[in-house]
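Q: I would like to learn how to read some features of a protein model. Please start with the terms and then go to the cases.

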Amino acid sequence: MSKLIGCLMCLTSIVMSLAAIAAPVPAEKLFQNPTSSLLDMSPDGQWISYLTRIDDQTYLTVQDIETKQPLGILVLRDDEVIHGYSWLDERTLLLSAKLGHRHRMVLVYKDSSSENDTWKNIILKRDGYLVSSLPNDKQHVLLAIVENHKTITSHLYKFPLQALRDGDMADQYKMPGISENLNLFSYSDELDRLISLQIDQELEKIFLSIGRLGDEQSTKSYELNTEESDFVPVGLLSESKMAVLSDKDTDTLSLFEFDLASKTFGKQLYSHKSFDLVGAQISPVAGKVISVSYYDHGKLTTEYLDTDSAANSALLTKHFGNEQISVALNNALTGKQILEVYSSSKPRSYYLYDRKKEQIEYLLPANDKLEMYQFAKTEMFHVTSKDGTSIDAYLTKAEQPNHNTLLIMPHGGPIGVMDTVGFDPSVQYFVSRGFSVLKVNYRGSSGYGNDFRNSGVGQWGKMIEEDISAAMNKVLKDHKYQHMCAMGSSYGAYSSMMLALKHPDKIKCVVGAFGVYDLPLMFNSSNYAVLEEERKGWADVIGEFNDKLFDVSPVYLAQNLNVPILLIGGVKDKITTIEHTRRMEYVLKKHDKDVQAVYYQKAAHGHNSWYGDWHEQTLTYQFLLDSLALPDLDIAQIPSADVKMIQDEYIRLGATFFGDNWVNQDLALSLKYFKMAALMGSPRGLYSEGWLYEHSAQIETDLPKAIALYQQASDKGFSNASFELAEHYYSGKAIPRDYAKSFALFSLAKQQEHNAIVNVKLANAFCLGHGVEQSDIQCIELLDLAKLEKDQSGIEVDNKSYAERRKSLAKMLLSADLSSETRRLLKLKIQQWHGIDSFEVDVEEDDFGRLKNNSRKKVYDDNHVIRRTEDGLFGASLDVDIKGTFDNNSTKTIFLVNWKMHHQDGKISDQYTTMLWGYEGSDWFANL
């Protein structure tokens with residue numbers, strides 16, 4: 001198939017069984033999409049299905065519940081993404097997918113009529129989603145077909161399953177009597193009712209209809225005002241009532257009955273005196289609440305309110321102990337559930353729970369790459385703040401290695417955000433590297449009710465920091481840490497600065513990412529901010545604008561910050577604009593403070609890719625080591641399977657600071673991180689360090705050191721280093737010319753699977769007899785890049801390879817070492833490769849010098865003396881006359897261009913050589 005490729009393959013193993021170890025965990029393993037996700041179960045309970053990623057390939061997988069044998073039934077290409085899927089019956093799945101730039105539904109089904117019950121798939125020609133598999137109608141399913149993605153306008157269809165398998169999505173299956181302007185559909189299988197929704201954003205209204213499918217007389221319609229509906233819907237209690245979460249007349253977010261017709265709140269169904277509810281399970285048939293969920297001092301807790309469920313909950317608690325459990329899927333027909341289980345020291349895993357048999361079986365981890373590690377447990381404790389407020393805090397202690405250092409990590413927000421005792425990749429990253437971490441649910445945090453949340457408003461730099469300080473002092477009573485640093489993102493960055501100001505004797509360094517540092521700026525930093533609703537939004541968090549905000553803004557207190565500071569900003573940040581970070585950097589430098597600022601060019605208020613998270617974690621970690629004079633990471637403590645990944649963390653830093661398209665360029669930092677990777681034994685680190693010593697204008701040139709580093713990298717199998725050394729021996733630059741050594745090193749680079757450019761270099765040696773016996777056969781064969789591509793040898797052939805061939809051919813044809821016979825053969829091949837008709841051509845210089853602009857019409861400054869020190873693009877515009885032709889678009893020619901440089905000592909050297917080809921009417925430019 002052209003988009004999704006069906007396959008049937010057995011996946012021999014998904015979970016590695018390794019003994020847990022305490023070791024630095026690579027950022028690339030902690031910060032990534034789960035290797036297994038979107039778990040579901042077939043209606044008959046026979047199959048567990050999920051997406052899984054193995055060796056950079058994503059599969060839709062089904063696993064027999066009895067045999068546990070996983071089976072890949074669909075393989076996805078890199079540009080194909082499954083957003084979600086549903087089982088339509090015991091042998092059919094419907095996927096919502098993005099195939100390249102198109103949104104489509106894909107049907108995957110088990111073809112019982114084929115040999116071995118093959119799984120097949122078909123891409124449906126429309127996009128949409130499952131509304132209901134209609135449990136009482138085995139032959140049909142209810143789908144919403146999305147007609148307009150911008151307005152999310154949908155139409156309702158009732159398709160026969162066989163029609164879908166045939167790819168038939170004709171309009172004849174559209175349900176009659178359904179409004180054409182509806183946005184969303186859902187279905188209550190328990191009530192056997194269709195729920196239709198229309199959203200009018202201009203009127204700020206929601207139009208809701210509930211009724212039996214195909215029975216307009218039974219449909220009841222309701223109108224809700226979105227600005228007045230201060231609640232979160234949970235589920236239907238009946239056709240006219242729903243359960244909602246609201247804090248109306250209560251301190252904590254509680255569960256209420258809501259009458260759709262009168263638009264009034266009914267009785268309170270559940271309220272916790274201390275914690276906000278985050279969810280609930282409702283039974284529409286019974287009209288009652290099955291369970292409610294909330295964070296009990298940061299731990300996700302589900303409280304079951306009916307007898308049967310409470311008994312099952314007790315069994316789960318007995319089996320899993322203090323771990324946190326949530327139901328990912330409930331199969332009411334079979335009584336089977338898929339459970340998500342995790343804790344602060346255990347990444348998320350999935351279990352199969354058979355409620356009828358009271359059996360619990362392990363299924364698979366969400367991230368199998370973390371199975372080999374031992375993670376630290378987070379301890380929750382209470383502390384009383386300065387004004388008597390009770391505060392929850394969380395400490396995760398490092399064991400081995402242990403730098404005896406405490407990192408205080410205030411969360412963002414600050415209003416309406418909370419820390420929990422779930423598995424936290426950021427915490428575990430630093431703990432695995434020897435740092436203990438303290439997090440605090442200071443006043444303003446969510447989960448503890450309105451009064452606690454609202455008590456944080458206007459307390460920036462005041463009582464919030466008192467809460468964090470109380471937790472810090474409590475930790476210091478029980479643990480004598482040698483160092484402490486504060487670090488955080490958004491408000492957490494602001495808070496970290498204020499903690500350093502409040503505790504200059506304790507806080508030894510600060511990391512602020514995407515931070516708020518100038519509170520008055522929040523009220524006037526953009527056109528959006530001057531809008532009344534935007535100003536009110538900030539006032540509800542910071543407090544009303546007044547001159548006292550200057551007294552709690554780090555930008556205006558920078559002279560008192562006397563610790564190393566790392567600032568991290570996102571250039572595209574529209575929440576706390578990059579201006580905050582730039583101002584903070586400016587005033588810190590003005591006061592001669594120790595500050596490093598890194599600006600992520602593609603980041604907003606955080607990173608839009610895992611690569612950014614990997615980069616930031618490593619950058620921050622190394623900043624902590626440098627600021628506190630702690631020993632660098634010991635490569636000997638890293639499991640062999642992780643060594644390259646840890647090396648690559650520093651390679652990543654070196655590479656990004658080398659350019660300027662990811663972060664602000666800093667070649668000194670680039671060299672530093674390449675050196676660190678080199679010290680860890682990274683061949684790429686050795687090569688990159690050597691390259692900077694040879695080529696960087698900002699770093700003192702050291703050619704002997706560069707050559708030595710290239711040699712070390714080559715000895716470790718790095719093809720770029722072997723190639724670079726070969727170039728040096730060929731040119732005689734930095735080391736005496738030696739064609740034989742050059743040929744041997746180019747050959748080594750080819751063995752090390754360098755790209756196709758090395759073929760061109762070896763061809764040059766065979767063509768000219770440089771370092772090897774001259775061979776026309778080898779010369780021509782190695783230059784045939786098109787054949788190399790066709791052979792699919794695995795060697796990378798790209799535009800750079802062909803550009804190198806053009807340069808190499810030009811140099812060979814101008815070389816006195818090229819024999820007349822080889823020259824003749826090369827001309828024949830050039831004619832074949834480039835479609836050349838004539839070699840008889842007159843060329844005159846039309847324009848010459850430094851390019852004045854980069855428009856389509858290239859104009860040069862006519863200066864025939866060009867100095868190497870000048871900036872810009874140099875070149876010539878040429879006037880070409882192909883002899884004996886009258887049709888300038890039918891005869892094609894080719895000629896050579898050779899630039900030479902005149903040195904101050906009188907010597908002349910070749911600077912650049914290439915071939916140009918085309919028709920007489922072509923634009924002929926020879927740029928350098």
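A: Start with residue classes: Ala, Val, Leu, Ile, Met, Phe, Trp, Tyr, Cys and Pro count as nonpolar, Asp, Glu, Lys and Arg as charged, and the others, Gly among them, as polar. With those classes, the lining of the second largest cavity divides into five nonpolar, three polar and one charged residues. This is a predicted model, in which local features need pLDDT of at least 70 and side-chain atom pairs count only at pLDDT 80 or more, while totals for chains, interfaces and linings use all residues. Residues are numbered from 1 along each chain as its sequence is written, and side-chain values use heavy atoms, with hydrogens and water left out.

Q: What is a cavity, and how many cavities of 30 Å³ or more does a search of the whole structure find?
A: Rolling a probe the size of a water molecule over the atoms shows where empty space is left. On a 1 Å grid over the protein atoms alone, a cavity is a set of points where a 1.4 Å probe fits but cannot get out, and a pocket is an open set with protein on both sides within 12 Å along at least five of seven lines; lining residues have an atom within 4 Å of a point. Grid points are joined across faces, edges and corners, and a volume is the space filled by probe spheres set on the points. The search of the whole structure finds two cavities of 30 Å³ or more.

Q: Which residues line the second largest cavity?
A: Its lining consists of Tyr 730, Tyr 739, Ser 742, Phe 743, Phe 746, Lys 761, Asn 764, Ala 765 and His 770, around about 30 Å³ of space. Helices (H or I, at least four residues) and strands (E, at least two) are DSSP runs, numbered from the N terminus. α16 provides the largest share of this lining, four residues.

Q: What lines the largest cavity?
A: The largest cavity holds about 50 Å³ of space. Tyr 600, Gln 601, Lys 602, Ala 603, His 607, Asn 608, Ser 609 and Trp 662 line it; by class they are three nonpolar, four polar and one charged.

Q: Which residues are closest to the centre of the second largest pocket?
A: The second largest pocket contains about 1,500 Å³ of space. It is lined by 40 residues, and Glu 727, Ser 731, Lys 761, Glu 804 and Lys 811 are the closest to its centre. Lys 761 also belongs to the lining of the second largest cavity. α20 gives the most to it, seven residues; other elements that supply at least two each include α13 (683–695), β38 (892–902) and β39 (908–919).

Q: How is the packing of helix α10 against helix α11 described?
A: Axes are lines fitted to C-alpha atoms, for helices over the stretch in contact, and angles run from 0 to 180 degrees between N-to-C directions. Helix α10 (residues 610–627) and helix α11 (residues 643–658) pack at about 100°, their axes 9 Å apart. α10 is therefore roughly perpendicular to α11; angles under 35 degrees count as roughly parallel, over 145 as roughly antiparallel, 65 to 115 as roughly perpendicular and the rest as oblique. Contact means heavy atoms within 4.5 Å. Among the residues that meet are Trp 614 and Leu 619 in α10 and Tyr 650 and Phe 657 in α11. The contact divides into seven nonpolar, four polar and two charged residues.

Q: How many disulfides does a search of the whole structure find?
A: A disulfide is a covalent bond between the sulfur atoms of two cysteines; here the criterion is a pair of cysteine sulfur atoms within 2.5 Å. The search finds two.
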